[in-house]
Amino acid sequence: MTPQDDRPVPPATDGGAPLTRRQAKDTARQDEVRLENAVETAGGELPPPAVPAPAGTAAAPESTLLQRIMTGNALVAFLSVVLSLILGGLLIALTDPNVARASSYFFGRPQDTLGAAWTAASGAYSALFQGSVFNVRGESFSQRIYPLTQTLTVATPLICAGLGVALAFRAGLFNIGAQGQILIGATFAGWVGFTLHLPAGIHLLLVILAGMVGGAVWAGLVGLLKARTGAHEVILTIMFNYIATNLVLYFLSTPAFQRPGSTNPISPQLDATALYPPLLGSAFRLHWGFVVAVLATVFVWWLLNRSTVGFELRAVGANASAARTAGVNVSRGYILAMAIAGALAGLAGVAQVSGTEKVLTSGVAASFGFDAITVALLGRSSPWGTFAAGILFGAFRAGGVAMQASTGTSIDIVLVVQSLIVLFIAAPPLVRALFRLPAPGAPRAGKGGTTTRTPASTGAAA
Amino acid sequence: MSTATTAPARGTGDATVRSWKNPIILSVVALFALLVFALGAPGNDVTFRLSEENDPIVLPSIVVSAQLIGWLAAIAMIALAVLAILHTRARRKVPTWVPAVFAILFLIAFLTWVVGSARTPNVALYGLLAGSVTLAVPLIFGSLSGVLCERSGVVNIAIEGQLLFGAFAAAVAASLSGSAFVGLLAAAVAGVLVSLVLAVFSIRYVVNQVIVGVVLNVLVSGLTGFLFSAVLSEDSERWNSPPRLPVIEIPLLADIPVIGPILFQQTIVGYLMYIAVAVIYVALYHSRWGLRTRAVGEHPKAADTLGVNVNRMRFVNVLLAGVVAGVGGSFFTLVAVSGFGRDMTAGQGYIALAALIFGRWNPIGAFFAALLFGFATNLSNVLSLLGTPVPDQFLRMLPYVVTVFAVAGLVGRSRAPGASGIPYIKG
């Protein structure tokens, strides 16, 4: 499946839109009708779109509730997670020294090997759970829920940057550059944070604004280059990531950024007025950046589903030529989509520099920019899906650190599980085949190669 | 990569429409060269050493005045810019040799200026070039892998993963078997495994190819990182101490100054690289298989109509690309250093992707683009030792900035294969 779903852009419902948008809407409406017809004539050959379509189009009318559950996307997503966790557990078990020892006499006492394998995998996963959701061994209530707040802290930049990647996807742009945008956003925000000394409130507001501007400029440049020269955004954003890393390293070697008296590439601490206040008291690291992430999610939802700009962006993403014919300024759409995406990634940079790290280094973005891509893919580029995926991956990351500390299982296993989840979710036919689930819309059609068919509209993204 | 072709169509379409982009860029760069390389030239001489003292054939060093070279190059560049302006005014196409010569002049002027401004204005040209080729070897394999995939219509973002998995498999297999050649074979197999996932997901399950590629890179990074800490670092004597591939020196030819070490003093991976470039170039443009590959990548429907099995062709090409990139990955653990390290490819796969686009989806072009990247990386290494006025970070970002300019159209338009990235569904 594809990042920007294949649903046609639904006609906007507000009556007060300018007349020039009229044509666009009409075209879109016609497209929708045509596509619905196509879905019906395809006779159930098409899998459901990335986001559940309105009732009646995807599922065959005579399908029962059970069939709908069996063919639904939620089940595929759930099974993908389970399957990935099983595969990850196998990997943990296979590399466990106790398992290796027990397997030397596997045919004598096979239960020893299986027991050791179960102990290794379940131990790692229970440490992962306790490090990310609920610590059973905690003495006070705040100690028990501490892991959950850690999860939300880690999820904050993931959600912000993931929203940026998702928004660009919806406009048909493959934004691999969240990493660079986070870095530049954090640089702008950090500079305002430790250079200007302003009263509380205004200072933080300026820091947030600076971070968003930094990310927006960095990503908007990519949008501009793409719109003007037709250069491909995948290459541009990858290159911009490297340029950003080197640029930040350079800044951190100049007197304007480097901590006085230090030879390391590290900035001074941000002023206290420039930091996000803690959300649940100073015992927890969770800060108000998480609230900003929630607000950002609401904003992106509103932008994509309720605003004219979002409508145009989705039109550009669905079919750039059709959008151009309908009077949408595609170049402006590219620049705008990238700039907003960059501003969101910049918010992630702010969350890092003035929430978690409180200081600017070249490693301030960690690998959030790359994780954000998987977050957006898992969230199917919908704002709330990205939000949920961000929290899931935040839990993986926070729990992974705890797991590595307590059982010695490398945190890299988290990367494996995460990428497997995205791979499986991207290929619903594979998951259905593995679990012998019926194909959607064609419960009795059984096998046949038709289940792999997908509307081929989104090659444009690649 | 199909959308790359939409916007600039109006700029370069037919000869009657004047495009001022090239003349303007050339003029700006020429003025920059005048200001920096000519007016800002250091007063001292620059020495380029061509051979070592105890080489069989000793060449004298080239000693030039930085100011003379700076002025000559700047004036020549301005002349070329004027030529481009005149051509454009007369509504004629600017000849293709103009930007090429311009780029070479710029390179010479830059090199002279930057070495001249260093604390020790003396550089071993042979070492600079040989090091560039060495650094470019994995890039070249990676971009060849990209050529094979993209020419058949599959975008390969997973080059990074193929290289990394190849490096990992080579290290483990060579350590266990004690033979570097077994490691080389294992690297090829590992590359094919990554390719297999890419092919199955993008061709059989029609998942967006860029998504599969990105996710595969994460998967390989996580998998190798996990195995590295769980297995390799636990007992690195057994798992992670591969023997190195021996350097095979071809007698006499290896003694030729400057180009001898580059061409005739390589490991088997280095020789395989030259062979791979040549074979893929010839096969792609002068064989039936190549014609079919290109047809499938440009217009799969037409190819299908003429009886070519589009998806099988793509599948085979993606697997072949895995062999190429996997062998390239073995360079990291069998040639460069002896042993695997976490994420040791460090984004080289993405640079290979850029080299592929810079080289216009052509094996020879990708080869030279990768060499340029290797040269830029090596130059920044050498210059940071010599001590230059340019901050180290700017030298390091040079290859990436060059790529951005290249992709944005400085070196003419590069056009992706028509159907690259678009899955083919028969019917």
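This section describes confidence, helix packing and nonpolar cores in a predicted model.

Confidence was examined for chain A. Its mean pLDDT is 80, and 79% of its residues reach 70 or more. Residues 1-21 of chain A have pLDDT below 50. Even so, this stretch has 56 contacts in the model beyond near neighbours in sequence. A further stretch, residues 32-61 of chain A, stays under 50. For residues 32-61, the model has 41 contacts beyond four places in sequence.

Helix packing was examined next. Helix H6 of chain A spans residues 141-170, and helix H13 of chain A spans residues 330-356. The two pack at an angle of about 170°, and their axes are 7 Å apart. Because angles over 145 degrees count as roughly antiparallel, H6(A) is roughly antiparallel to H13(A). The residues of this contact comprise 16 nonpolar and 7 polar, with no charged.

The largest nonpolar core has 276 residues. Those with the most contacts inside this core come from chains A and B. In chain A they are A:Cys160, A:Ala161, A:Ala337 and A:Leu344. In chain B they are B:Ala355 and B:Ala370. H13(A) gives the most to the core, with 17 residues.

A second core is separate and has 6 residues. Among them are B:Ala295, B:Val296, B:Ala303 and B:Met313.

Terms used: Residues are numbered from 1 along each chain as its sequence is written. Chains are lettered from A and ligands numbered from 1 in the order in which they are written. This is a predicted model: local features need pLDDT of at least 70, side-chain atom pairs count only at pLDDT 80 or more; totals for chains, interfaces and linings use all residues. Axes are lines fitted to C-alpha atoms, for helices over the stretch in contact, and angles run from 0 to 180 degrees between N-to-C directions. Helices (H or I, at least four residues) and strands (E, at least two) are DSSP runs, numbered from the N terminus. Angles under 35 degrees count as roughly parallel, over 145 as roughly antiparallel, 65 to 115 as roughly perpendicular and the rest as oblique. Ala, Val, Leu, Ile, Met, Phe, Trp, Tyr, Cys and Pro count as nonpolar, Asp, Glu, Lys and Arg as charged, and the others, Gly among them, as polar. pLDDT is the predictor's confidence in each residue, from 0 to 100. Two residues are in contact if their C-beta atoms, placed from the backbone, lie within 7 Å. A nonpolar core is a set of buried Ala, Val, Leu, Ile, Met, Phe, Trp, Tyr and Cys residues joined through C-beta atoms within 7 Å. A residue is buried if 20 or more other C-beta atoms lie within 10 Å of its own, exposed if 12 or fewer, and partly exposed in between; C-beta atoms are placed from the backbone.
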